[in-house]
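Hello,

Here is the structure I promised to pass on. Please open it first, then read my notes below.

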Amino acid sequence: MRVMTEKALNDAFAGESMAHMRYQHFADKADEEGLNEMARMFRAISYAELVHAGNHLEVLDGIRSTSDNIQTCIDGETFEIDEMYPVYHATAKQQDESGAVRSTHYALEAEKIHADWYKKAKEAVDRGEDVEVGDIQICSVCGHTREGEAPDKCPICGASKDKFRQF
Ligand SMILES: [Fe+2]
Ligand SMILES: [Fe+2]
């Protein structure tokens with residue numbers, strides 16, 4: 001692909017991805033405010049942005065075999081663990097930004113588990129098998145990721161069992 005087109009599509013992919021994410025959270029907020037029809041509109045348009053992002057990603061050749069896709073995940077999570085979040089966390093600390101100190105800590109802790117899971121998953125997929133995984137629990141406060149039963153208390157943020165969402 002020509003350089004300018006690729007750059008434009010990457011920017012568009014990033015923008016659509018962020019809009020998708022923002023609208024999801026805006027929908028939750030609208031629900032909290034009792035504005036359920038506004039929430040529905042946010043969710044619908046969020047889905048359209050997901051479609052747009054997917055189209056851009058496809059044209060960018062960003063969706064390949066699952067084995068290759070998992071490798072993309074391993075690379076991304078590893079970068080976040082080794083470089084990005086430690087630096088962001090240190091910056092937030094240095095600048096006394098407690099909210100950012102907390103959110104970067106939450107993400108860093110979860111990314112460690114994600115990288116680990118993806119590495120194991122890639123081994124299985126490359127053997128020609130599907131992954132074997134039990135119930136997956138995600139903490140809705142901090143993103144802590146674990147297999148099996150939800151814990152009584154999140155080991156990362158202290159949230160209670162009912163804050164976990166099962167997949
Ligand atoms: Fe992650
Ligand atoms: Fe948590």
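**Domains and their contact**

Seven residues of domain 2 touch seven residues of domain 3. Contact here means C-beta atoms, placed from the backbone, within 7 Å of each other. On the domain 2 side, the touching residues are five nonpolar, one polar and one charged. Nonpolar covers Ala, Val, Leu, Ile, Met, Phe, Trp, Tyr, Cys and Pro; charged covers Asp, Glu, Lys and Arg; the others, Gly among them, are polar. The C-alpha centres of domains 2 and 3 are 17 Å apart.

The model is predicted: local features need pLDDT of at least 70, side-chain atom pairs need pLDDT 80 or more, and totals for chains, interfaces and linings use all residues. Residues are numbered from 1 along each chain as its sequence is written, while chains are lettered from A and ligands numbered from 1 in the order written.

The domain assignment (automatic or from a database) gives domain 1 (3-59), domain 2 (65-131) and domain 3 (133-167).

**Helices H3 and H4**

Helices are DSSP runs (H or I, at least four residues), numbered from the N terminus. The axes of H3 and H4 (residues 98-126) come within 8 Å and cross at roughly 160°. Axes are lines fitted to C-alpha atoms over the stretch in contact, with angles from 0 to 180 degrees between N-to-C directions. H3 and H4 are therefore roughly antiparallel (over 145 degrees). Their contact has 15 nonpolar, eight polar and eight charged residues.

**Glycine 62**

Glycine 62 sits in the loop between H2 (36-59) and H3 (66-94). Glycine 62 and threonine 72 are 10 residues apart in sequence and 9.2 Å apart in space, C-alpha to C-alpha.

Best wishes

Methods. Two residues are in contact if their C-beta atoms, placed from the backbone, lie within 7 Å. Helices (H or I, at least four residues) and strands (E, at least two) are DSSP runs, numbered from the N terminus. Angles under 35 degrees count as roughly parallel, over 145 as roughly antiparallel, 65 to 115 as roughly perpendicular and the rest as oblique.
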